[in-house]
Amino acid sequence: MSEMRKTFFTRFLLIAALFLGQFTFASETKEEANGHGKDLKTEIKEYIAHHLQDAHDFSLFSYTKENGEHKYVGFPLPVILWDNGLKVFSSSKFHHGETLAEIDGNYYKLYHSKIYKTDAEGTIHYDEDHHATNVKPLDFSITKNVVMIIVTGLLMLWLFSSLARSYGKNNGIPTGAGRFFEPIVLYIRDDIARPNIGEKRYRKYMPFLLTIFFFIWFLNIFGLTPLGINVTGNIAITVSLAIMTFLITNFTGTKDYWMHQFDPLGKSLPWYGKIPLYIILVPIELLGLIIKPFSLLIRLYANMQAGHIVLMSLIGLMFIFKSWLGSPLSFGLAFAISLIEVLVALLQAYIFTMLSALYFGFASEEHEHDHEHEAEVAH
Amino acid sequence: MVGAGLVVIGVGLGIGRIGGSAMEAIARQPEAYGKIQTAMLIAAALIEGIGFAALFAV
């Protein structure tokens with residue numbers, strides 16, 4: 001390798017390592033562990049699947065010592081189970097799934113990031129599809145995702161309340177971080193809320209729109225850091241976000257909105273004309289109520305999930321190629337995809353906010369044409 | 001798997017068309033840039049949603 005190429009590579013690796021610290025560390029472990037056991041491709045697949053899941057401990061990276069012992073760096077999180085009574089213990093008792101946790105004479109095993117109740121030997125029973133059939137206690141644990149949600153919530157509370165205070169002190173002139181956030185807040189107000197919801201009603205939706213935008217954006221960005229978290233790529237979280245949009249849309253819906261749902265043409269149509277309407281159009285409209293938030297949640301979930309899978313697969317390439325060609329190729333691609341993911345993180349937050357505003361706009365709009373129809377009938 | 005591939009081709013063509021048309025529209029009316037971009041992103045996001053739904057169904 002020539003000297004010039006070497007320096008280029010070193011520089012490139014340095015930059016890329018900033019973005020990919022966690023992934024590469026963990027991947028190296030897999031490479032070392034490969035000597036004894038499964039083949040490389042299955043291991044990379046398992047590693048990616050593991051990364052996408054929620055975890056009961058906050059582990060930053062892991063490596064294997066020369067004597068074959070696995071060493072994990074990170075910290076355990078509390079496990080809260082409801083199994084004939086509340087059981088609270090630290091996830092360090094699982095030793096990353098390697099040992100059973102014994103609590104009040106019950107045995108629990110961590111298996112594929114889920115907690116199962118087992119006997120003293122830790123036997124897992126399977127059905128014919130190779131799914132575990134052991135009893136699953138109700139799990140209310142503070143998992144990695146829950147920790148990140150709380151951290152983001154506190155961060156936003158602190159950030160925006162201190163920004164609000166600084167505006168009060170400086171007679172409405174932004175300072176510090178406010179200079180960065182003011183244009184974004186104004187953009188959401190003037191380019192998302194106002195045109196979609198309307199001048200009259202946009203104010204009451206602003207708190208939700210701003211919160212959801214910054215919440216999704218911050219979590220997406222945190223997902224790209226080497227902390228190895230994947231909160232917005234978890235379907236449970238996107239489902240709850242979409243349910244909020246769904247509830248707000250329907251609870252703030254005006255009379256015209258519900259008229260549009262159940263009686264689209266109103267008085268301008270005689271009753272017998274409405275029969276086909278009720279067979280075809282109204283069911284579709286009602287289905288649309290569900291499909292709108294459903295598309296929101298699938299879009300966010302799938303985009304974030306796909307982004308993480310692509311990144312991790314590209315890093316996995318390095319271990320599959322096993323030649324000098326592999327590392328720069330995989331680093332280069334992963335670096336480029338990381339940059340695209342920064343854009344996607346913002347774009348998905350924007351799309352979610354934008355579409356929520358659009359749905360709120362539909363729900364709170366008062367149709368002008370309905371009154372026209374009524375006027376025509378009156379004539 | 002073939003179905004997923006076909007869906008991705010379809011989604012690619014669709015988003016490509018939206019992007020292309022948006023470019024033309026912006027070239028014709030640069031002052032409407034903001035509005036066109038918003039409409040383009042919404043349409044692209046809707047198509048993308050279908051694509052992901054299909055991919056996850058595989």
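1. Two residues are taken to be in contact if their C-beta atoms, placed from the backbone, lie within 7 Å. On that basis, residues 24 or more positions apart account for 62% of the contacts in chain A with a separation of 6 or more.

2. The model is predicted: local features need pLDDT of at least 70, side-chain atom pairs count only at pLDDT 80 or more, and totals for chains, interfaces and linings use all residues. Residues are numbered from 1 along each chain as its sequence is written, while chains are lettered from A and ligands numbered from 1 in the order in which they are written.

3. Chain A contains ten helices and eight strands, taken as DSSP runs numbered from the N terminus (helices H or I, at least four residues; strands E, at least two). Of its 379 residues, 26% count as buried, that is, with 20 or more other C-beta atoms within 10 Å of their own, C-beta atoms being placed from the backbone; exposed residues have 12 or fewer, and partly exposed ones lie in between.

4. Helix α6 of chain A, residues 235-251, reaches 24 Å from its first C-alpha to its last, close to the 24 Å expected for its 17 residues (1.5 Å times one less than the number of residues).

5. Buried in α6(A) are Ile237(A), Thr238(A), Leu241(A), Ala242(A), Thr245(A) and Thr249(A). Viewed down the axis of α6(A), these fall within an arc of 130°, so they line one face of the helix; the arc is that of the directions from the helix axis to the C-beta atoms. Their cover includes α3, α5, α8 and α9 of chain A. The face turned away carries the exposed Ala236(A), Ser240(A), Leu247(A) and Phe251(A).
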